[in-house]
Protein chains: 2
Amino acid sequence: MKVDGRHFRTIWLEPDRWSVGAIDQRRLPHEFIIARLVSAEEAADAIRTMLVRGAPLIGATAAYGMALAMHADPSDAALDRAYKLLIATRPTAINLKWALDQMAAALRPLAPSVRGEAAYKRAGEIANEDVGINQAIGSHGLEVIEAIAATKKAGDTVNILTHCNAGWLATVDWGTATAPIYRAHDMGLNVHVWVDETRPRNQGASLTAWELGHHGVPHTVIPDNTGGHLMQHGMVDLAIVGTDRVAANGDVCNKIGTYLKALAARDNGVPFYVALPSPTIDFSIKDGREIPIEQRAASEVTHMSGRTADGRIEIVRVVPEGSPIANYGFDVTPARLVTGLITERGVLRPDHAALASAFPERTGTR
Amino acid sequence: MKVDGRHFRTIWLEPDRWSVGAIDQRRLPHEFIIARLVSAEEAADAIRTMLVRGAPLIGATAAYGMALAMHADPSDAALDRAYKLLIATRPTAINLKWALDQMAAALRPLAPSVRGEAAYKRAGEIANEDVGINQAIGSHGLEVIEAIAATKKAGDTVNILTHCNAGWLATVDWGTATAPIYRAHDMGLNVHVWVDETRPRNQGASLTAWELGHHGVPHTVIPDNTGGHLMQHGMVDLAIVGTDRVAANGDVCNKIGTYLKALAARDNGVPFYVALPSPTIDFSIKDGREIPIEQRAASEVTHMSGRTADGRIEIVRVVPEGSPIANYGFDVTPARLVTGLITERGVLRPDHAALASAFPERTGTR
């Protein structure tokens, strides 16, 4: 999407045709810095240090990391070394393994002399496939927004609430939850986004607000506590969130707090949509209650990073010393609270029959 | 309550029998500093700068401010001057006006020579009345906790979720939502409190966690997003929150985000209680939807104050420049989601009949 008028993806091949550019997301929202990755080691570091984050973007970065490895040394040994290096960066990231397996399968049968070119080609395809999926999500989600706009007076703003960052910064471009929003905005529909701050890591306030603002989409940052009040007062027309995993029955695992917004949406008759690329569906998990919920570091809650008035980045403690912390990363929103799942193959009912019918080739797999 | 073994109120008469001590709440949770107030001007500053906060404590501080004024000069002119000075500090604080009117009514008929002594006496009574109300809330709320403990195995912990700070720091002692918790803890019941961080002002993380920790009550600070997940997993036995205003129909206005927790409690069969002193009931407001919701400064959301690793207090910006903010201070939880109102006259159903029956003398008034 755009950053102050110029189009960016989160990762790209530089004009030299071998090094890789990426937005350094650790510096957002305070600084917009481009990183240049010139080796598999730097790509691995970029994933490990969260210079890049978001499942699809991690996959694309790993793919480009393999290409950088083949550029330096196209031997079998280098291929194996790069695979091991990259897979170890974020062990639980599903797209990471998928992308590396795709790369290895494409490269291993080839003569070393042609692996470099083939690696950049396949990495580019993996990035483009993500963009294609998100564009399709955007098209289907656009219909949802248009249908709601049609119930309002012409030109009236459609107010959309989102939680966390399922934006273009988490993908190669467009994002998942944001794809319909960017499509609607770019077509000239009046949309306005309520951006949940998303404690404790503040991905809403620091990333979603940043990307919407730089693309020019009207938005307002709100504390996570606010969405229910807005829905009670008719100030939210629909919610669209992303997801980390959807169970076979349509239960949605997403950033902690999503469930509370879904409850408020139901209580106030506000449609609640979840946008996702189909690899997020886990047909091996029957029910969302089976999804293990990660507990994360207390420091994410006790400390906050921000910019001082004179421009320094400081980390400050906001919770008293000695108070224990619980930091659950995700919660599960039962399918009964979800209006629809916006996928690359259309908007689906959140149930097993609809998911299996739309993605029959995946029902036997994770 | 206790601070590291020693009993404190939030405000008290110093051993010199004329100056007034108070906890400087602006420095919490990072520093425990006692302020000594020696004039009505200092009492007014303490209220205005939020050295003290919380409706009952503001009332008590204003009362002591009048006593300090009478100590310096018991004339009619000084009485009027102190009243005007103190009432202007927090124009919307209802307890402030109530306490000042109580003081003026007690002092104006008296000869100046006896006003000083009478002023300290009445201020002390106002402080003690608050303590008495909160103790009564604690007794009635204790029965609620005991009834829930009785459904568990002997010695099992009762997990209580609270939002914001309706603790002893907001009152003279005991607090409202915390009074039953302190009572239960002091009696030896195993209680554990889930403390909502309470963005954007973080009163939960900075004040409730501090006071529970220093009194020795087991507790865990959680992001506001977390309560729903905990309730889904049986980790919350009941919720107790405070309130800023209760409508005649039992609708509860409290810190933004309370409604979301009440929805989660209802969805998971968790009892949801609201603790309040009866002056909080506003019989002139029929329905919670009539309660105006204050919008507060964007800076409360965009900036956070905390302590750096080397001990400095710094304010940092956490939201990108240019992103608009909405900061609604309160929301309304419909009475249908409230299990009971814990008042100084017992636990009441959240409806007009129960409120009017318990407080018949107030039904004609605000």
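Predicted model: local features only at pLDDT ≥ 70, side-chain atom pairs only at ≥ 80, totals over all residues.

Residues are numbered from 1 along each chain as its sequence is written, chains are lettered from A and ligands numbered from 1 in the order in which they are written, and side-chain values use heavy atoms, with hydrogens and water left out.

**Chain against chain**

- Chain B and chain A bury about 4700 Å² between them, and carbon and sulfur atoms give 59% of that. Buried area here is the accessible area (1.4 Å probe) that two parts lose on being put together, summed over both.
- On the chain B side, B:Asn225, B:His229 and B:Leu260 lose the most area to chain A, together 15% of what that side buries.
- Counting contacts (heavy atoms within 4.5 Å), 61 residues come from chain B and 61 residues from chain A.

**Domains of chain A**

- Chain A splits into domain 1 (2–128) and domain 2 (146–362), with bounds that come from an automatic or database domain assignment.
- How far apart are the C-alpha centres of domain 1 and domain 2 of chain A? They lie 26 Å apart.
- Domain 1 of chain A puts 23 residues into the contact, and domain 2 of chain A puts in 17 residues.
- The two domains of chain A bury about 1800 Å² between them, 60% of it on carbon and sulfur atoms.
- A:Lys2, A:His30 and A:Arg53 supply 30% of the area that domain 1 of chain A buries against domain 2 of chain A, more than any other three residues.

- Two packed helices are described by the angle between their axes and the distance between the axes. Axes are lines fitted to C-alpha atoms, for helices over the stretch in contact, and angles run from 0 to 180 degrees between N-to-C directions.
- Helices (H or I, at least four residues) and strands (E, at least two) are DSSP runs, numbered from the N terminus.
- In chain A, H5 (residues 112–149) and H6 (residues 179–186) pack at about 65°, with axes 7 Å apart.
- H5(A) and H6(A) are therefore roughly perpendicular to each other; angles under 35 degrees count as roughly parallel, over 145 as roughly antiparallel, 65 to 115 as roughly perpendicular and the rest as oblique.
- The H5(A)–H6(A) crossing is right-handed. A crossing is left-handed if the near helix is turned anticlockwise from the far one by less than a right angle, and right-handed if clockwise.
- Among the contact residues are A:Gly138, A:Gly141 and A:Leu142 of H5(A), plus A:Pro180, A:Ile181 and A:Arg183 of H6(A).
- By class, the H5(A)–H6(A) contact has seven nonpolar, five polar and one charged residues. Ala, Val, Leu, Ile, Met, Phe, Trp, Tyr, Cys and Pro count as nonpolar, Asp, Glu, Lys and Arg as charged, and the others, Gly among them, as polar.

**Helix packing in chain B**

- H6 (residues 179–186) and H7 (residues 203–215) of chain B pack at about 20°, with axes 12 Å apart. That makes H6(B) roughly parallel to H7(B).
- The H6(B)–H7(B) crossing is right-handed, and its contact includes B:Ile181 and B:Tyr182 of H6(B) along with B:Leu212 of H7(B).
- H2 (residues 55–72) and H4 (residues 94–107) of chain B have axes that come within 7 Å and cross at roughly 30°.
- H2(B) passes H4(B) in a right-handed crossing, with a contact of 13 nonpolar, two polar and no charged residues.

- Most residues other than glycine have a negative phi, and most peptide bonds are trans.
- A cis peptide bond joins A:Arg199 and A:Pro200, with omega about 5°; A:Pro200 is in the loop between strand S7 (191–196) and helix H7 (203–215) of chain A.
- The bond from B:Arg199 to B:Pro200 is cis, with omega near 5°.
- A:Trp174 has a positive phi, near 75°, and is found in the loop between strand S6 (158–162) and H6 of chain A.
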